[in-house]
Amino acid sequence: MKSRVQLEFGQFPLLRLHSRPLGNRKKSLIIVGGGIVGLATARQLLHTRPGLEVTVLEKEQTLGQHQTSHNSGVLHCGLYYKPGSLKARLAVDGIRQMVEFCQKHNVPHEICGKLVVATDSEELSRMETLMERGIANGLEGIRKLSGDELREIEPNCGGIGALQVPQEGIVDYPAVVQAMASDIEQRGGRIVTNAHVADLIQRDQWVATTSAGDFTADLLINCAGLHCDRVSQLAGHKRSVRIVPFRGEYYQLKPSSSHLVRHLIYPVPDPKFPFLGVHFTRMIHGGIEAGPNAVLAFAREGYTNTQVNLRDLADALTFPGLWKFLWKHPGMAAQELRGSFSKKYFCRLLQKLVPKITVDDLETGGAGVRAQAMAPEGALVQDFHFVRGHQSLHVLNAPSPAATA
C-alpha cells in the first residue's frame with residue numbers, strides 16, 4: 001500500500017542514510033516504541049525498502065500497552081481537521097488503508113458512521129463550517145439532518161440538527177497491533193520487548209543501551225509516545241516541547257441502558273476550547289463508552305487518579321507552559337476536574353447529547369492517557385510534530401488520529 005506516511009518521511013533527510021558507502025553491509029534502523037505508530041512505521045519501511053534491517057524496541061512485556069490500547073477504538077475519517085494539515089491528510093488516507101489492512105488480516109472492524117450533533121443555534125452555525133471542512137478533506141456522503149431526521153436515526157438524541165458522517169468507523173486496535181507485529185516478523189523485522197531505552201549515543205552508528213542489552217543501527221526513529229520527549233533528549237535534543245499527560249476518563253452504559261445509543265454521537269467542537277468534549281462511542285466488541293474528560297495525569301502512565309509518579313508529576317508542574325495553559329483556560333480546567341470527581345456532573349454533560357441518560361445508566365469505564373505535546377508559551381501542539389536529527393527522526397506529537405493514520 002502506497003502511503004502518504006511514506007511521502008511525509010520523504011520530507012526528512014532520515015532515509016538518505018550515510019554519505020559514505022557502507023560496503024555490502026545492510027542498512028539498519030532502530031525504532032523506539034512498540035505502539036501502533038512505531039509498528040506501522042516499521043511495517044511501512046519493510047514494505048517499501050527491501051533489505052533494510054529494522055528493530056523495534058518496546059519497554060513493556062507486550063506491544064501497544066499504552067495509548068494504542070487505551071483509546072476509544074475509533075477510526076477517524078478526517079472531519080474535524082484543518083484542510084491541508086497532516087492530521088487531515090493522514091486520516092483520510094489512513095482510514096482507507098486501515099480498512100484494507102483489517103480486511104486482509106481479519107481484524108474486527110466496522111464502518112458504522114457517526115452523528116455530530118448541534119444542541120443550539122451557535123453550534124448549528126459551527127456545524128456548517130464543519131461540513132465545509134469535511135468536504136474539503138475529501139469525505140464523501142456527509143449530509144445535514146434536521147432535528148426530526150436526527151431522531152429517526154437516533155431516537156433518544158437531543159439536538160436541533162446534526163451531520164451524518166458515514167465514513168467513520170470502529171476497530172479492535174490491539175488486534176491491529178498483533179497483525180502488524182506478525183507482518184513485521186514475517187518480513188524479517190525484529191521486535192524486542194522488555195527493552196527500556198536508558199541511553200542513546202551516536203558514534204559511527206546509533207547505540208541504544210536498553211534493559212535487554214545494547215543495539216546498534218545506522219538510523220533511529222523515536223516513536224516513544226508518552227516518553228518521546230525524553231527519548232529525544234537522550235539523543236541529544238533540547239526538549240523544545242514537553243509531553244504533558246492528560247487522562248481521559250470514561251463511563252460505560254450499563255447493558256440494560258445500551259439501547260439508548262445506536263451510533264457514534266459526537267458534539268460540535270467549540271474552537272475556544274482545546275479538547276473535544278464528551279461523546280458516545282460504540283465499541284467493536286459490544287457496549288457503549290461515554291466520555292472522556294481531560295484532566296492532568298499524575299503519571300505518564302497513570303490511568304487512575306491514585307497513580308502518582310513523582311518524576312512525571314514534577315516534570316509537568318515545573319514546566320511553565322502548563323501554568324500558562326491553565327491561566328488561559330481556567331473555566332475549562334475546572335469543568336474537566338469537576339467531571340472527574342462528580343458522576344452527576346459528568347452525566348449532565350452527557351445529557352446535552354442524550355437527554356434520557358441518567359446517573360443510574362452509567363458504570364465506571366476505562367481511561368487513557370494522552371501524550372499531549374505542549375509549547376513553552378502554553379499552547380497545545382495541535383498537529384503531528386517531527387524533529388529531525390542526524391540520521392534520526394523524532395515523532396514528538398502524534399495526537400488523534402494517529403492510530404488511524
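## Before we begin

This is a predicted model, in which local features need pLDDT of at least 70 and side-chain atom pairs count only at pLDDT 80 or more, while totals for chains, interfaces and linings use all residues. Residues are numbered from 1 along each chain as its sequence is written, and side-chain values use heavy atoms, with hydrogens and water left out.

Helix H4 covers residues 121–136, which makes 16 residues. The expected span of a helix is 1.5 Å times one less than its number of residues.

Now look at the ends. Asp-120 caps the N-terminal end of H4, with a side-chain oxygen 3.2 Å from the backbone nitrogen of Glu-122. Just after H4 comes Gly-138, which takes a positive phi of about 90 degrees.

## Strands side by side

Two strands pair if DSSP finds at least two bridges between them. An open sheet of three strands shows this, with the order S3-S8-S4 and antiparallel pairing. Strand S3 (74–75) and strand S4 (109–110) stand at the edges, each with a single partner strand, so one side of each is left without a neighbour in the sheet. Two bridges join S3 to strand S8 (residues 169–171) in the antiparallel sense, and Leu-75 stands opposite Gly-169 in S8.

Strand S20 (residues 385–389) and strand S21 (residues 392–397) also run antiparallel, joined by five bridges. Here His-385 stands opposite Asn-397 in S21. The hairpin has two residues between the strands, and Gln-391 takes a positive phi near 55 degrees there, although Gln-391 is not a glycine. Gln-391 is buried, with a relative accessible area of 5%.

## A buried threonine

Thr-55 is found in strand S2 (residues 53–57). Is Thr-55 buried or exposed? At 9% relative accessibility, Thr-55 counts as buried.

Leaving aside neighbours within four places in sequence, Thr-55 is in contact (heavy atoms within 4.5 Å) with Leu-29, Ile-30, Ile-31, Arg-190, Val-192 and Phe-215. With Arg-190, the side chain of Thr-55 makes a polar contact to the side chain at 3.3 Å. A polar contact is a pair of N or O atoms within 3.5 Å; within protein, one must be able to donate a hydrogen and the other to accept it, and residues adjacent in sequence count only if both atoms are side-chain atoms.

## Rings that meet

Rings of Phe, Tyr and Trp (its six-membered ring) pair if their centres lie within 6.5 Å; planes under 30 degrees apart count as stacked, over 60 as edge-to-face and the rest as tilted. By this rule the count comes to five aromatic pairs. In one of them, the rings of Tyr-80 and Tyr-266 have centres 6.3 Å apart and planes at 35 degrees, so the pair is tilted. Tyr-80 sits in the loop between S3 and helix H3 (86–105) and Tyr-266 in strand S15 (residues 264–267), 186 residues apart. Tyr-80 counts as buried at 13% relative accessibility, and Tyr-266 counts as buried at 2%.

The rings of Phe-246 and Phe-325 have centres 5.9 Å apart and planes at 65 degrees, so this pair is edge-to-face. Phe-246 lies in strand S14 (residues 242–253) and Phe-325 in helix H9 (residues 320–328), so the pair ties together parts that are 79 residues apart in sequence. Ring pairs also link Phe-246, Phe-275 and Phe-325 into a cluster.

Methods
Helix = DSSP H or I, 4+ residues; strand = E, 2+ residues; numbered from the N terminus. Buried < 20%, exposed > 50% of the residue type's maximum accessible area, 1.4 Å probe, protein only.
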